[in-house]
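Hi,

Here is the structure I said I would pass on. Have a look at it first, then read my notes below.

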Amino acid sequence: MSMEMDESQGAPRRGPRGGAQGGADKKGGSSVRKRGFTRRKVCRFCADKTLVIDYKDPQLLKYFVTDRGKIVPRRISGNCAKHQRKVALAVRRSRMIALLPYTVTGA
Ligand SMILES: [Zn+2]
């Protein structure tokens, strides 16, 4: 058995520097923490006193529910603990009366 590779040079050459290797080295170690979310200092319910968390208001609650039907965590929604609890409660109530989905499957 003999492994002989017959490389015929039929391929056209791409200029003098055609064989440059694609830069596959990634520079790691960069600690970028921004994820596109704007950081809110206070929760919107604290900031806006007129805003009422109502379980009958899916338009508002939808803001705190992912498109898969999960409640958005506090770090992302930016709510304070007090209002996050209220939102979570409202979402749960809203689910009971079918204003919000429990889960979103399919798609
Ligand atoms: Zn608040």
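Predicted model: local features only at pLDDT ≥ 70, side-chain atom pairs only at ≥ 80, totals over all residues.

Of its 107 residues, 12% count as buried. Contacts across the sequence matter for the picture too: among those with a separation of 6 or more, 66% join residues 24 or more positions apart.

Now for the inside. The largest nonpolar core is made of eight residues: Tyr55, Leu61, Phe64, Val65, Val87, Ala90, Val91 and Leu100. Helix 4 (residues 81-96) gives the largest share of this core, with three residues. If you click on Leu61, you'll see that it touches Val87, Ala90, Val91, Ser94 and Leu100, leaving aside residues up to four places away in sequence.

So which residues of helix 4 are buried? They are His83, Gln84, Val87, Ala90, Val91 and Ser94. These sit on the same side of helix 4, because they cover an arc of only 125 degrees around the axis. As background, an α-helix has 3.6 residues a turn, so residues three or four places apart point the same way. On the other side of helix 4, Ala81, Lys82, Leu89 and Met96 are exposed. The cover over the buried residues includes helix 1 (44-47), helix 2 (58-61) and helix 3 (74-77).

Cheers

Notes
Residues numbered from 1 in each chain as written. Core = buried A, V, L, I, M, F, W, Y, C linked by C-beta atoms within 7 Å. Buried ≥ 20, exposed ≤ 12 C-beta atoms within 10 Å, placed from the backbone. Helix = DSSP H or I, 4+ residues; strand = E, 2+ residues; numbered from the N terminus. Contact = placed C-beta atoms within 7 Å. Arc of directions from axis to C-beta.
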